[in-house]
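Subject: Structure for your review

Dear colleague,

Please find below the structure that I am handing over to you. My notes on what was found in it follow.

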Amino acid sequence: MTVDQRKVEVGEQTAEFARWPRYRAAQLGFAEHWYPVLRSRQLRRRPRSVTILGQDIFLKRDRGRVYALHDRCAHRGIPLSRGRQVFPGTFSCIYHGWTYDLATGELVAALTDGPDSPICGKVRLRSFPVEERAGLVWVYVGDQDPPPLEADAPAEFITPGAMVAGRITQRFGNWRYAAENGFDEAHAKFLHRNAMWMLFRHFPAWMRVKIVEDDDGWISRVPTEIGYETDYPGLGQWPKGRPWRFKKGGARVSIRMPGTLRVRFREWTHYEWYVPTDAEHHLYIQFMHKRTGPVGRLLVRLRYWTYIHWLFHWRFNDQDRHMVELLPGRSHPERLFRPDASITAWRKLCEQDHGIELSVDARRGNRA
Amino acid sequence: MTVDQRKVEVGEQTAEFARWPRYRAAQLGFAEHWYPVLRSRQLRRRPRSVTILGQDIFLKRDRGRVYALHDRCAHRGIPLSRGRQVFPGTFSCIYHGWTYDLATGELVAALTDGPDSPICGKVRLRSFPVEERAGLVWVYVGDQDPPPLEADAPAEFITPGAMVAGRITQRFGNWRYAAENGFDEAHAKFLHRNAMWMLFRHFPAWMRVKIVEDDDGWISRVPTEIGYETDYPGLGQWPKGRPWRFKKGGARVSIRMPGTLRVRFREWTHYEWYVPTDAEHHLYIQFMHKRTGPVGRLLVRLRYWTYIHWLFHWRFNDQDRHMVELLPGRSHPERLFRPDASITAWRKLCEQDHGIELSVDARRGNRA
Amino acid sequence: MTVDQRKVEVGEQTAEFARWPRYRAAQLGFAEHWYPVLRSRQLRRRPRSVTILGQDIFLKRDRGRVYALHDRCAHRGIPLSRGRQVFPGTFSCIYHGWTYDLATGELVAALTDGPDSPICGKVRLRSFPVEERAGLVWVYVGDQDPPPLEADAPAEFITPGAMVAGRITQRFGNWRYAAENGFDEAHAKFLHRNAMWMLFRHFPAWMRVKIVEDDDGWISRVPTEIGYETDYPGLGQWPKGRPWRFKKGGARVSIRMPGTLRVRFREWTHYEWYVPTDAEHHLYIQFMHKRTGPVGRLLVRLRYWTYIHWLFHWRFNDQDRHMVELLPGRSHPERLFRPDASITAWRKLCEQDHGIELSVDARRGNRA
């Protein structure tokens, strides 16, 4: 592929979003939101660097608390995460020892310029609000004062005492394609039909759904009509009946800003986040959640690691990963069909969040 | 290399073709022609995807016949070649089960939207005419009704009953550089002089040639003067005489649109096609051809696989591949010399094919 | 990283040099200068190709002398360095045997066009002045008549009879970042503090320096105040005292056009050159130099290969390499501090070299 062709494709990639201008502009995601970025136990003494919404963010645990700063020394732009800690509560750039306060981002010493360095106190790195809940590190990206974490993180998910287990991977593809794939109603019935996870499930051929608004900003798809073995005129029957497969109550699938998916099964709930990295990558965060007692937690964890992790979070969701990888670089005018009502509902939801100040205030008010 | 430098180079790459505007514009080749793309036996039950003239093409054999469609589902652009066959005579996209008629490209079912999906019959994928002849799959790329395959494929080559054996490889470099290298008169005498294939051949140092028009759209180079060991003023003699090399009647080399080379040796004929993939790659198709009886075919095949394949189609033509790889990204104002008359004749040939309608009609007429 | 982001970054990369327009424009270095490019013993019978200041240069040793030509055949741009030598004093392009005089670059024969080829004498490749001194091949890049090598190469370095040993590597990053890192005063005290090379050295925490002009175009940093273990207000002491480390007289560090660093230790001198390749790469040339008798040379060579090469030229300078790699693609508005006076002095030095004719004349005059 030539450079020019590639540029055209990246450009066209967003053309199909023309009816949803706010969504179209959100190639790097929506600011003024909390995002999960890392497992708590992935962050020990060594600092880490993550890129979300196009921002390079330095994460460092110091005496138990986690701090987040822009991962670029203000001097010449070397990543702060390459540096080392000389004094507690601070972190120093590896190149010239510029030393920043972890809590405020203020330059408190430029070690190689001596104790009277005139630059001290004149430079400040952008710092990001951080919370640790449900075993995850959450970062707020935005210019406003942050609302409480509860404004974005599902209340059920961050309430202590539940079994939470999952997977965080860096994936190719714009975050919007991943979110659309997550809430997309139709593809599971064809793409996932032969996944091992589906072996004993009787899967519909097609559905009619309506989209309903739930509280807390969620929208959900609710089936109004379901078809199993179906005759297609002039073609034949699809799918073949499989006697060993039995029908189960379907899961209720919901999505909300800023890109959080919830799938409620009968016994437990599956969550996904699509955290934008850059225009072509996202963090794909998959967690199962179940509220139960201490013994129950152990049993569910066992169940997760014996099959749910491998069959669902890995093999099944890898079919999705493959689709998301194929979509983005390969721009193509989209031609939506009836089941894509779920996708357009999600796009509209992103549009409704009018004006950033309003939305933050509103979200803050809802919780106050 | 920086992005900017690279772009400049790709741009300049075509600057040297300024005197041949139609040729210059044909970075992705000439539409309204038949191209060989695949061996017949490479296409069994599984579909294949090839990219020619910048078009992604899905190829599928169904009940013996080969069909070609645009390799992008109209829904969201997933390659159709990743899909599977649910009903005979159709093929379904892996993502949502959009099901296309192989012969027409029409959307005959959107499986996950049920039997009454309103989108059926409203979408059609571009389909490409296909022929199978001489053990190859040929595809027509163009907006016009196609002329018969004979308009582009050499009559001798596609007449049944001949021994045909060869090689298809994806190579780096714009197709025009490969075509020019093929018909170039002078380089063989220097570049290929020490190739094993040439071990017993007494190769001229230089030639004077004239270009003649043959029938069926071919132009050929015909030597008018040949020099062997030569004294270069102030330098010395080149090449050294080699007593074990004996002179042979030279081969007659011809080229025609849309990029087909023919080298007639005394006993057999070598064909090449340079099928544009994208601006920087082409399919390089090399085949030997000999008309003979059934026993003769076996003997020629034996000869091909014992040495012609290795010494000629592989080692000898790899010296050409190396030159074509070095040419394209490395733009440089060209400075032609006398033997390049063969190259400029080929460029002129591409210009003469005035107007696409005219040429198709003419070619059709010629055969009718 | 998307193509667009990358382009923006490459563009911004030079924004920080806005106050030094000549320096800013010198992304590919300063023409009208001599540069070392290769060890003499790396150039035997086979030709070599090097790229400096964005120019591809063909180097060939012929009967003892070294010649440099533009590494592109004028015909179609194939690198001359892929060719072979047919006649002494000339070199022939591998593709069609265009044969150039090594001393002048003139086309003296186009072998495959016979002895009377009309193109002979009408084409000339750009040739570059070459010198061999101190075991290195030096090339002059410029449009003017070259001054003697002494105008650019340090007199001490190229005077015969010294021990010279070192390393030439291709590194990532624009040459200016490498030069700035070389003359940068402050970083060593933090970045290199724990390098093995520094194990027994008592390293200051900070310094005040002044920049002085030396003869022959060098500028040097001279310390005016030195701090060792230091108390930083509100933070604590840095660095910790190490009883086994002892203070040594510091080295005198100097730089000059076109990017030559000299570090005078007590017993020997370390030289570096940052030779621009393209916008994102440079040749990093590191050599130690010591004038001594024949036995002394042997001993110094032994010392070099037992530890100086590994601990200084490799491990210590690799910490620098790492910083230079992190700087360029990651554009960031720079925010200089007091010790960066050494860097701004170097940038100013590059500005002072007003007008190329003047500078060449002046340099020539100085030596005449």
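In this predicted model, chain A can be laid on chain B with an RMSD of 0.0 Å by a turn of 120 degrees and a shift of 0.1 Å along the axis (superposition is by least squares on the C-alpha atoms of residues with pLDDT of at least 70 in both copies). The two copies are therefore related as by a three-fold rotation axis. They use different surfaces, since 4% of the contact residues of chain A recur in chain B (contact means heavy atoms within 4.5 Å).

Residues are numbered from 1 along each chain as its sequence is written, while chains are lettered from A and ligands numbered from 1 in the order in which they are written. Local features need pLDDT of at least 70, side-chain atom pairs count only at pLDDT 80 or more, and totals for chains, interfaces and linings use all residues, with side-chain values taken on heavy atoms and with hydrogens and water left out.

The interface of chain A and chain B

Chain A gives 46 residues to this contact and chain B gives 41 residues. About 3600 Å² is buried between them, 62% of it from carbon and sulfur atoms (buried area is the accessible area, with a 1.4 Å probe, that two parts lose on being put together, summed over both). There are 6 salt bridges between chain A and chain B (a side-chain nitrogen of Lys or Arg within 4 Å of a carboxyl oxygen of Asp or Glu). One salt bridge joins A:Arg208 and B:Asp116, whose closest N and O atoms are 3.9 Å apart. On the side of chain A that touches chain B, 21 residues are nonpolar, 10 polar and 15 charged (Ala, Val, Leu, Ile, Met, Phe, Trp, Tyr, Cys and Pro count as nonpolar, Asp, Glu, Lys and Arg as charged, and the others, Gly among them, as polar).

The interface of chain B and chain C

Here 45 residues of chain B are in contact with 41 residues of chain C. The two chains bury about 3600 Å², with 62% of it on carbon and sulfur atoms. This interface has 6 salt bridges; B:Glu180 forms a salt bridge with C:Arg76, with the closest N and O atoms 2.6 Å apart.

A sheet in chain A

An open sheet of 4 strands in chain A has the order 2-3-4-8 and antiparallel pairing (strands are DSSP runs of E of at least two residues, numbered from the N terminus, and two strands pair if DSSP finds at least two bridges between them). Its edge strands are strand 2 (48-52) and strand 8 (127-128). A:Phe58 stands opposite A:Leu69 in strand 4 of chain A.

Yours sincerely
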